[in-house]
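Please consult the sequence and the structure shown below while reading.

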Amino acid sequence: MGLFTKNNSQVKKYFQSKFINISSSKDLKNIGFFSLAKLMTTLKIVFKSTIMIIFWRPDLIYFTPAPGKIALLKDGLICMIINIFKIKKVSVLHARGFSNHKNRFFQFWINQIFKNSKIVLLGKSLKYDIEKFNSDIDIIPNGIEKRKKS
């Protein structure tokens with residue numbers, strides 16, 4: 001999804017943008033599992049994000065946080081850096097699972113991710129999962145509505 005947004009002609013037409021791939025998994029089999037290689041990739045992502053924020057100083061950051069515990073730690077760290085520099089975020093959620101974290105640490109961490117953020121959901125069914133963390137929510141349906149037969 002990030003590459004779709006990066007390569008979107010409308011985004012390029014209206015925005016001066018830069019892109020950082022925040023995925024630390026090289027393939028789908030590794031999602032949700034810890035490895036030393038992913039830790040190193042995560043540190044590189046955080047460093048690259050910090051450098052870009054310091055030297056480019058964007059007005060807005062488009063961010064796609066993931067609800068998994070490992071990804072949540074990385075995403076929260078990046079968002080804390082964004083928050084330190086008081087940059088607005090648009091957080092687009094593709095999956096649910098944020099409200100499943102009952103641990104106080106993760107509750108705090110999720111609040112940091114959605115602090116100063118506009119939330120975009122791809123469906124109404126995701127709203128219950130996020131509204132306790134941030135109420136600034138817009139829903140943009142994921143897909144194309146069926147046309148009614150005339």
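Across which strands does H4 lie, and at what angle does H4 run to S1? H4 lies across S1 and S2, running at about 170° to S1; contact here means heavy atoms within 4.5 Å, and angles run from 0 to 180 degrees between N-to-C directions of axes fitted to C-alpha atoms, for helices over the stretch in contact. Helices (H or I, at least four residues) and strands (E, at least two) are DSSP runs numbered from the N terminus.

This is a predicted model, in which local features need pLDDT of at least 70 and side-chain atom pairs count only at pLDDT 80 or more, whereas totals for chains, interfaces and linings use all residues. Residues are numbered from 1 along each chain as its sequence is written, and side-chain values use heavy atoms, with hydrogens and water left out.

**The sheet**
- Strands S1-S2-S3-S4, in that order, form an open sheet with parallel pairing, where two strands pair if DSSP finds at least two bridges between them.
- S1 (60-63) and S4 (137-139) are the edge strands, each with a single partner, so one side of each has no neighbour in the sheet.
- From one strand to the next, the twist averages 20°.
- Five bridges join S2 (residues 88-93) to S3 (residues 117-121) in the parallel sense, and Ser 91 has Ile 119 as its bridge partner in S3.

**Helices H4 and H5**
- The axes of H4 (residues 69-84) and H5 (residues 104-114) come within 8 Å and cross at roughly 45°.
- H4 is therefore oblique to H5, a class for angles that are not under 35 degrees (roughly parallel), over 145 (roughly antiparallel) or 65 to 115 (roughly perpendicular).
- Residues of H4 that meet H5 include Leu 72, Leu 73, Leu 77 and Met 80, and those of H5 include Phe 105, Phe 108, Trp 109 and Ile 113.
- By class, this contact has eleven nonpolar, three polar and two charged residues; Ala, Val, Leu, Ile, Met, Phe, Trp, Tyr, Cys and Pro count as nonpolar, Asp, Glu, Lys and Arg as charged, and the others, Gly among them, as polar.

**Loop residues with positive phi**
- Most residues other than glycine have a negative phi.
- Arg 57, in the loop between H3 (36-56) and S1, has a positive phi of about 50°.
- Asn 116, in the loop between H5 and S3, has a positive phi of about 55°.
- Arg 57 is partly exposed at 45% relative accessible area, and Asn 116 is partly exposed at 48%; buried means under 20%, exposed over 50% and partly exposed in between (1.4 Å probe, protein chains only).
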